[in-house]
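Opening the notebook on this one.

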Amino acid sequence: GVKGFRFIIRALGRLPADRRPPLVLAGDRECPGEAEYLHALAREHGVELTTHLNVTDETLRSLYRRTRLFLYAPYIEPLGLTPLEAMACGTPVLGVREGGVRETVIEGVNGRLADRDEGQYATVLQEMLAAPEKLQRLGEQGMAGVRERWTWERSVQELLGFFDEARRLAAGG
């Protein structure tokens, strides 16, 4: 699917079984039959999978805060709010180096990025999980970064700045 869940399950399946973390997928909707397919794929790859549908904001925040790492691998996602939500809750992100996540995840600061290659993604995932202190620091830096950079106030100020610049250019300035 477009969210990259199949990619994530296959990548997790490449980790040694004794170091393979369980996977929790949460969402607001599902394509018919997708959950059954994902559970079958997870069994095939030895991944312990739990799915949550129609979650409330409160439940989602709780899931973000309880997880060690947020895995993100959608296809053709222009920005993606979920990595920002995870970081706002102090959870570092491992994303696929495509689309908007390249703007929100700063390598080694609030998370890591990998190519869309299951082996490479699994290697980076394993490195991150093997360094809990570094993982915690990424989470703390991610939370601070979201509070500083990704606020409505800052977005409005940037937008007003673009309008000012466009007005200046239109006036020949």
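Predicted model: local features only at pLDDT ≥ 70, side-chain atom pairs only at ≥ 80, totals over all residues.

Started with Glu165: at 37% relative accessibility I log Glu165 as partly exposed, the class between buried (under 20% relative accessible area) and exposed (over 50%), with a 1.4 Å probe and protein chains only. Glu165 forms a salt bridge with Arg168, closest N and O atoms 2.6 Å apart. For a salt bridge I take a side-chain nitrogen of Lys or Arg within 4 Å of a carboxyl oxygen of Asp or Glu. The two residues sit three apart in helix H8, so about one helical turn separates them. Arg168 is partly exposed too, with a relative accessible area of 37%.

Numbering runs from 1 along each chain as its sequence is written, and side-chain values use heavy atoms, with hydrogens and water left out.

Overall layout next. I count eight helices and five strands; helices (H or I, at least four residues) and strands (E, at least two) are DSSP runs, numbered from the N terminus. Their order is α-β-α-β-α-β-α-β-α-β-α-α-α. Of the 173 residues, 35% are buried.

Back to charges. How many salt bridges does a search of the whole structure find? It finds nine. One of them joins Arg6 and Glu34 at 2.8 Å, N to O. Arg6 is in helix H1 and Glu34 in helix H2, so this pair ties together parts 28 residues apart in sequence. Glu34 is buried at 16% relative accessibility, whereas Arg6 is partly exposed at 27%. I also noted a salt-bridge network linking Arg10, Arg14 and Glu118.

Does Arg20 sit buried or exposed? Arg20 is buried, yet has no salt bridge, and the nearest side chain of opposite charge, Asp18, is 7.7 Å away. (Lys and Arg count as positive, Asp and Glu as negative; His and chain ends are not counted.) What the Arg20 side chain does reach is the backbone oxygen of Leu15, at 2.7 Å. Beyond neighbours within four places in sequence, Arg20 is in contact (heavy atoms within 4.5 Å) with residues including Leu12, His45 and Val47.

Key:
Polar contact = N/O pair within 3.5 Å; in protein donor to acceptor, adjacent residues only side chain to side chain.
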